[in-house]
Amino acid sequence: MENYFIEGTEDTPQINFNAETHTFTVSGRSLPENAIDFYAPVLEWIDTTLNENDAMDFIFEVKIEYFNTSSSKQLAKLFLTIEKYVDKHNVTVHWFYE
């Protein structure tokens with residue numbers, strides 16, 4: 001399993017998966033012009049990673065300071081993707097907010 005990283009911008013969140021700690025973090029602001037296009041490879045990577053690996057602990061951290069409606073739909077898809085694997089993996093979600 002390898003690290004997965006997308007640098008955040010003013011309008012897109014940073015996506016960071018640390019393969020050593022099995023921690024996946026989404027942080028920053030999520031206002032992409034096309035949220036479906038931005039999140040599609042992230043969702044595919046999560047689905048593939050959770051499907052192809054044996055049972056292990058995963059931590060998903062959400063540290064988004066602001067997100068728009070289209071991003072909220074993609075975040076919901078992210079959680080639905082994770083939910084498919086709760087019988088196979090020990091998944092913990094931490095949602096950080098002010």
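Reply: Rings of Phe, Tyr and Trp (its six-membered ring) are treated as a pair if their centres lie within 6.5 Å; planes under 30 degrees apart count as stacked, over 60 as edge-to-face, and the rest as tilted. The model is predicted, so local features need pLDDT of at least 70 and side-chain atom pairs count only at pLDDT 80 or more, whereas totals for chains, interfaces and linings use all residues. Residues are numbered from 1 along each chain as its sequence is written, and side-chain values use heavy atoms, with hydrogens and water left out.

A search of the whole structure finds 9 aromatic pairs. In one of them, the ring centres of F24 and W45 are 5.9 Å apart and the planes meet at 20°, so this pair is stacked. F24 belongs to strand β3 and W45 to helix α1, 21 residues apart, and the pair thus links distant parts of the chain; helices (H or I, at least four residues) and strands (E, at least two) are DSSP runs, numbered from the N terminus. F24 also pairs with F60 in a tilted arrangement, at 5.2 Å centre to centre and 50° between the planes. Because F24 lies in strand β3 and F60 in strand β4, this pair ties together parts that are 36 residues apart in sequence. One aromatic cluster is formed by Y4, F17, F24, W45, F58 and F60.

The relative accessible area of F24 is 1%, and that of F60 is 4%.

The surrounding nonpolar core can be described next. Such a core is a set of buried Ala, Val, Leu, Ile, Met, Phe, Trp, Tyr and Cys residues joined through side-chain atoms within 4.5 Å. The largest one has 24 residues, and those with the most contacts inside it are I15, F17, F24, Y39, I46 and F60. At least two residues of this core come from each of β2 (14-18), β3 (23-30), α1 (35-52), β4 (57-67) and α2 (69-83). Helix α1 supplies the largest share, 8 residues. Y39 touches P13, V26, S30, I64, S71, Q74 and L75, where contact means heavy atoms within 4.5 Å and residues up to four places away in sequence are not counted. In soluble globular proteins, nonpolar side chains tend to be buried together.

Key:
Buried < 20%, exposed > 50% of the residue type's maximum accessible area, 1.4 Å probe, protein only.
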